[in-house]
Amino acid sequence: MYLDALTIAALRDELAERLLGPDASRGGRVQRIVQPSALSVGLEIYAGQRYQLLASAEARSPRLLLVSERLRRGVEKPSPMQLLLAKYVRGARLEGVHQPELERVLRLTFTGEHGTVHLICELMGRYSNIILVSSDGFVMDAVKRVPASLNRYRVTLPNHPYVPPPPQEKVHPRLLTSQDLLAMPAEAPVWRRLVHGVLGISPLLAREIVHRATGNAEREGALDPSTAGAVVQATVDLLRLTETHAWTPCVGLTHEGGVAVPVAYAAYDLTHW
């Protein structure tokens with residue numbers, strides 16, 4: 001299952017609707033901070049009702065979502081990150097939820113007694129992290145501290161400037177043309193060409209695009225200009241959801257021994273399942 005750029009965009013819309021409301025200047029107030037595990041953070045936010053927001057940087061299941069049960073502490077001794085959150089975020093109001101374009105990142109902005117801070121949730125598999133950043137762009141702390149010995153480009157330590165994930169050398173989907181697609185190596189399946197060559201495309205989304213354009217999610221081989229054009233149009237149509245916000249949450253199922261088993265989820269119709 002993939003937490004891709006479109007799913008993150010749908011999450012952004014949901015969190016903004018629930019936690020900010022129609023008047024963003026009166027966003028929800030953080031009433032409680034917990035740390036369910038070493039790599040997760042829980043916020044209880046009151047915005048007309050109490051919401052439980054869980055952020056996790058676990059490599060195999062990074063997530064940021066509203067949960068129904070009250071979050072509980074799982075770490076005995078408060079970490080430096082939790083203490084900073086208690087000081088700067090508890091009692092503060094949520095003022096914004098922002099997604100850098102086509103990135104698997106959400107930035108939550110809080111303003112309270114001690115000023116404005118940003119809680120940046122990078123939901124990128126084993127590179128996932130939850131980082132508290134000051135208003136002037138410096139790392140205050142993170143659930144995963146990353147020294148220069150591990151990543152010289154992105155040092156994630158207190159008092160170092162926050163550096164966003166590096167840009168990928170891929171085509172922006174709104175600039176994708178049939179010629180771009182035809183120039184990609186034809187040895188790989190079409191969905192894999194999209195993943196490797198186009199920004200914001202996960203394997204699940206790529207298969208959905210190819211299925212909508214050709215009727216076969218696993219289409220292989222060279223494409224003719226007309227089919228390439230159909231793939232480009234399907235890509236543009238699906239990525240336009242970030243503008244129309246016409247989300248249609250969907251679960252893809254398969255059958256094992258007569259039992260329906262969930263195998264995929266998306267914020268759009270999974271027609272290939």
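## Helix H1

Of the 16 residues of H1, 12 are buried, so this helix is largely enclosed by the rest of the structure. Here, buried means under 20% relative accessible area, exposed over 50%, and partly exposed in between, with a 1.4 Å probe and protein chains only. Helices (H or I, at least four residues) and strands (E, at least two) are DSSP runs numbered from the N terminus. The structure is a predicted model, in which local features need pLDDT of at least 70, side-chain atom pairs count only at pLDDT 80 or more, and totals for chains, interfaces and linings use all residues. Residues are numbered from 1 along each chain as its sequence is written, and side-chain values use heavy atoms, with hydrogens and water left out.

The buried residues of H1 include Ala-5, Leu-6, Ile-8, Leu-11, Asp-13, Leu-15 and Leu-19. Helix H1 covers residues 5–20, and its end C-alpha atoms are 21 Å apart, which agrees with the 22 Å that its 16 residues should span at 1.5 Å a residue; the expected span is 1.5 Å times one less than the number of residues. Asp-4 caps the N-terminal end of H1, with a side-chain oxygen 3.2 Å from the backbone nitrogen of Leu-6.

## Nonpolar cores

A nonpolar core is a set of buried Ala, Val, Leu, Ile, Met, Phe, Trp, Tyr and Cys residues joined through side-chain atoms within 4.5 Å. The largest one has 36 residues, and those with the most contacts inside it are Leu-43, Leu-53, Leu-64, Val-89, Leu-108, Phe-110 and Leu-119. H1 supplies the largest share of this core, six residues. Leaving aside residues up to four places away in sequence, Val-89 touches Val-30, Ile-33, Leu-43, Leu-84, Phe-110, Val-117 and Leu-132, where contact means heavy atoms within 4.5 Å.

A second, separate core has 35 residues, including Ala-206, Ile-209, Cys-250 and Tyr-268. Cys-250 counts as buried at 18% relative accessibility.

## Salt bridges

Side chains of opposite charge can pair when their charged atoms come close. A salt bridge is a side-chain nitrogen of Lys or Arg within 4 Å of a carboxyl oxygen of Asp or Glu, and by this rule the count comes to 11.

Arg-174 has two partners described here: Glu-101, at 2.7 Å from N to O, and Glu-243, with the closest N and O atoms 3.1 Å apart. Glu-101 lies in the loop between strand E5 (93–98) and strand E6 (105–112), 73 residues from Arg-174, which is in the loop between strand E9 (139–142) and helix H3 (178–183). Glu-243 belongs to helix H7 (residues 241–244), 69 residues from Arg-174. Glu-101 counts as exposed at 52% relative accessibility, Arg-174 as partly exposed at 40%, and Glu-243 as partly exposed at 47%. Elsewhere, salt bridges that share partners join Glu-44, Arg-50 and Arg-70 into one network.

Glu-122 and Arg-154 also form a salt bridge, with the closest N and O atoms 2.6 Å apart. Glu-122 lies in strand E7 (residues 115–122) and Arg-154 in the loop between E9 and H3, so the pair ties together parts 32 residues apart in sequence. Both Glu-122 and Arg-154 are buried.

The whole structure contains zero disulfides, a disulfide being a pair of cysteine sulfur atoms within 2.5 Å. Cys-121 is buried, with a relative accessible area of 1%.

Methods:
A polar contact is a pair of N or O atoms within 3.5 Å; within protein, one must be able to donate a hydrogen and the other to accept it, and residues adjacent in sequence count only if both atoms are side-chain atoms.
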